[in-house]
Amino acid sequence: MKEGIHFKHKVCQVWVLTFMVAGIFLLHVQAQSTWNITRIDLPDLYTARSANDIIQDHAGVIWIAANTGLYWNDGVECTLFNNAVLQPTNTGKVYRLVEDDMGRMWVLGEKGLIVLDKQRKGSVAPGNLGLPDSILRAPNMNICKGEEQSIFILSGSTIYLWKNNQLGVWARYSRPAIQTDERSVLLYSRKQDQLYWYLPDQIDISNRILVYQKDGKIIDLWKAMHPKVEKTRLTQPVFKFTLVDAIADSVCVFSCFEPQNVTIVDFPSDDSYCHIQNLTPQLPGGLLLQDIYSEYINKFNPSLNIKNIGRVFIFKISENVIALSSSEGIILVQVTHKSFQHFKSTLGYRVRAIQKDAFGHIIFGSYDGTKYLDQNTGRIQSIGQIYSYVWNIVKTRPSNDYFVLGGEDDINTLYFIESSSTGVHLVKTLADRKKGSEKCFNICMAMDKDRNGFWHFGNEHHLSFYNLKTGQDHKFSPAIKVREERAMIAVKDGIWLAGHNGLVFFSNLDFNNYTLKENDIAIPQQIKKLSINALYLDGDRNLWIGTNADGLFRYETQYGNFTRFTKADGLPENSIYSILAEPNGKTLWLGTGGGLCRFDLKLLWFDNYYTEDGLSNNEFNTGSTFLDSDGTMYMGGQNGINYFHPDSLQRRNQQLNQFLKISLKKTGNWDTTEEMILEPEATIQVAPTVKFIEISFRAADYFHTSQLVYRYRISGIVDQWIYHNNSDKAIFAMFPPGIHTMEVQTRSYRGMWLPSVYYTLNILPPWYATWWFRVLLLFSVIAVLYGTYVLRIRFLRREFSLRSQISHDLHDNLGTRIFLLRSLSHQIANPLLPEKEKHAGLEKLEATAQDTFNTIRNFIWAFDPKKDEVSHLFERMDDFAENYISPLVDECLIDNPTVPTGYKISPHCKHNLIQIYQEVLTNMVKHTHCKAIHIQMNIINRDIIITITNSHSGNRKLKETGHITDHHGIESIQNRLKEINAQLRWDDMHVNKQIATLTTPI
């Protein structure tokens, strides 16, 4: 029984199973730190509250691997990543997320490994990364980030190292490490180059946690921690264990169900056993986990019982941001370091002026009199009987600690004090016995090393000079019209003096008569009438002016130009009460009415700090500054003195990760929207089918999202700044095609405008507006015009050819006949012609006239548009054969088919075809002893085919015919055939038969 209790007690000490903890970042965080928390709500709070893995990618987007898919959080909302590539993965669990150095994200899910490209629009095939399918099919496959450009891959009992698309074996375990279906976990320690493997929620403690080393050595962590515990399996396992993480110095953190403590196991360099240490559950900076969850409960879920949170997982998001995931949801924790210190004993004092002596005494003026702080004891002591308000403290002797204090009183009073190791003592008082008409706020004093004295503003608005060598105080005349003077700077050529009613400069200083005259320098009226609290002159003779509610001005005294800076440019407040320059003169620290501001003079960049950074107050006082010889700065305000060294401050990342969340809407249905992330300097191509572009502005500040302000402009489209908050969206419709650059600036929650980032939108034109379409259209127009020209020329040529043919036919056919008619008419008209010959001439005249009439009728018929049907052509051919051929032969047969309507023939073709037909028949009758003519007319495949068969008894002799067909007739037929693209074929079948086939396309 005792042994069982002893064993159980020992196990509880070693395996402090948790709630959770994060000792991961414990070593490199300052002790003074606080935190901000925010919550991430997954859409399905009942099935996806806890996360398997959380990372932040290069653009600043937080990705969450959950049991119901992959989610992304842009700082405003957390949604399921509905990418078509990931649809199979989103149906099941997502185990692990890793982003490689190329910006690609490896998503290991229940359905396998998917690698998303940099813009998260498409995927990269694992084979293109050198990953064979054989290692991707292992049931226990897992991945984790290794060194730069490398990823560890566990598959079976082998651990691979992927680097630069090359895969190699990093370590092997001789026996199968997995004996369950549960997914294992990998964690990598960069410093020791060790890889930790374990199974989460493993009840059986005899299942070992293995540590793989690069040299091939494998450490059994369970055995190293418990060398005396036997390897046998426990008969009644009672708890689970979880390895949370491994950090740079090989420290592993374990957790248990009870929020008792955290076990940190430190691996020594030798082979000795591990050192086990029990600590209170802590987060970075020594923050207690219970405190974080208490604030979480009070802020987000007051009804939650902290004892029921259960086990908590921790994920590192960025350098100072971690994520805690439990059954109650996911919260982000941002660790902030207090960069400033303050003297606790000065809290409650309204500090007006600060100095420090060589003995470490901090001398300051306040509304409660002049005090000094002994840093050794932390006690505050009063200096003599100085009860008036002290506005300025000036060190007058470099060799010893001698100071002059300027106070506010009815009369001008100067207090001379001296410090020693025993304290600070009042030496003497110098007062003007004359009372002025009104109080003089003696805020401004200025050392003048060139004149061995200091200037101060006395009663009755007179400027006075105290000569340290003679100990005399000289009042300059006349009185100066500056009310409530607050700042003064002494230079070689004069004095700058500023107050409630403006800025003046004096260079005509007469030390013989103690007179002065305002210089006629052309100070711009906008500056001359300002209400001014502080002045600083830099090495380039630029006068920096802190105003009361009007911001900061840079006045270029050599050129007369000025520039104004306000809250819109990054100031925390437009009222600037004090200005203190760093020793290099390149950076100013501005004490304002709403925070402390660091201003880079070269970059014109503001960096603001507040009480959350360690300041004792956000409101500072006029002239309450001091720069120590070691560079430490002291600035007083409404609640004590703050001090810091600029070089030791942790500079925040000025370039906060910014990105655009873009939705491309292609149709009227928003379900077709395509979402993507566009990081700075990236280019996105927008297809012409996209009708609307919706842009949401985001920055990777998840703790002050509602306080961020964005502004953008697009050159040539939106030239003025357009302002948005995190809930606004810029929607563009009918975006003009072309390449457009969008300039975006983000104003952080501290009020600073971050440097501009640029995004390129390449809006592709529609097909009808592309250059290639326009070129094609131009060529098409040219081609149409040229084609029209060619067709017109061809038509004119054909018309000219037709007219020439008609002219030629009229000349050949009508000309001869008309000449013959004329000749016959003359012969018949001759009175001497015998009556018999006259009668024969009349008959010949009648026949010739009839032939001439028929020729003219043929021409009229050929060019009559009412006779364009093929049937009309066949009728005409039939008439010619009946009237002219049939009387000359014994037999004339004509096969004239019925031609359907719609078959038309051109006048040109009709005219030439009838002429060829008549010429062929005439030649057959003239040159043969024709017995029978058989004519067949057909239309086959839109071709007119006329077949003429001549049955004869032989060819006629020359004596019988009286003439022979000349070459002119043959040439005429050939020309006509060519004109209408027709063919004529002669076939002599035997001695007494010949066939002529005429083929013409319709």
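Q: What makes up the confidence picture of the protein chain, going by its mean pLDDT?
A: The mean pLDDT of the protein chain is 78, with 78% of its residues at 70 or more. Here pLDDT is the predictor's confidence in each residue, on a scale from 0 to 100. This is a predicted model, in which local features need pLDDT of at least 70, side-chain atom pairs count only at pLDDT 80 or more, and totals for chains, interfaces and linings use all residues. Residues are numbered from 1 along each chain as its sequence is written, and side-chain values use heavy atoms, with hydrogens and water left out.

Q: Where does the pLDDT stay under 50, and how many contacts does the model have there?
A: One such stretch is residues 1–31, with 91 contacts beyond four places in sequence. Residues 177–181 also have a pLDDT below 50, and this stretch has 10 contacts in the model beyond near neighbours in sequence. A contact means heavy atoms within 4.5 Å.

Q: What does the secondary structure of the protein chain come to?
A: There are 12 helices and 68 strands. Both are DSSP runs, numbered from the N terminus: helices are H or I over at least four residues, and strands are E over at least two.

Q: What share of the contacts in the protein chain with a separation of 6 or more comes from residues 24 or more positions apart?
A: Such pairs account for 55% of those contacts.

Q: Why is Cys144 called buried?
A: Its relative accessibility is 2%. Buried means under 20% relative accessible area, exposed over 50%, and partly exposed in between (1.4 Å probe, protein chains only), so Cys144 counts as buried. Cys909, at 7%, counts as buried too. Across the 1002 residues of the protein chain, 51% count as buried.

Q: How many disulfides does the structure hold?
A: The structure holds zero. To count, a pair of cysteine sulfur atoms has to lie within 2.5 Å.

Q: Why is Leu186 called buried?
A: Leu186 has a relative accessible area of 0%, so it falls in the buried class. This residue lies in strand β14 (residues 185–189). Not counting residues up to four places away in sequence, Leu186 touches several residues, including Cys144, Phe152 and Trp197.

Q: What makes Thr746 a buried residue?
A: Thr746 counts as buried because its relative accessibility is 0%. Its place is in strand β62 (residues 738–747). Leaving out residues up to four places away in sequence, Thr746 touches Gln658, Ala699, Val709, Tyr710, Met752, Trp753 and Leu754. The C-alpha atoms of Thr746 and Tyr723, 23 residues apart along the chain, are separated by 9.8 Å.

Q: Why does Thr947 count as buried?
A: Thr947 has 16% relative accessibility, so it counts as buried. Thr947 lies in strand β66 (residues 943–955). Beyond its neighbours within four places in sequence, it is in contact with His934, Ile935, Gln936, Ile995, Ala996 and Thr997.

Q: Why is Arg942 called partly exposed?
A: Arg942 has 48% relative accessibility, so it is classed as partly exposed. Arg942 sits in the loop between β65 (928–940) and β66. Although it is not a glycine, its phi is positive, at about 60 degrees.

Q: Why is Tyr514 called partly exposed?
A: The relative accessible area of Tyr514 is 25%, so partly exposed is its class. Tyr514 is placed in the loop between β42 (502–510) and β43 (515–518). Phi of Tyr514 is near 55 degrees, a positive value in a residue other than glycine.

Q: What makes the peptide bond from Ser477 to Pro478 cis?
A: Its omega is near 0 degrees. Pro478 is in the loop between β39 (472–476) and β40 (485–491).

Q: How many cavities of 30 Å³ or more does the structure hold?
A: The structure holds three. On a 1 Å grid over the protein atoms alone, a cavity is a set of points where a 1.4 Å probe fits but cannot get out. Grid points are joined across faces, edges and corners, and a volume is the space filled by probe spheres set on the points. The largest cavity has about 60 Å³ of space.

Q: Which residues line the largest cavity?
A: The lining is Asp57, His58, Ala59, Lys118, Gln119, Arg120, Ile677, Leu678, Glu679 and Ala682. Lining residues have an atom within 4 Å of a point.

How values were computed: 1 Å grid on protein atoms, 1.4 Å probe; cavity = no way out; pocket = protein on both sides within 12 Å on 5 of 7 lines; lining within 4 Å.
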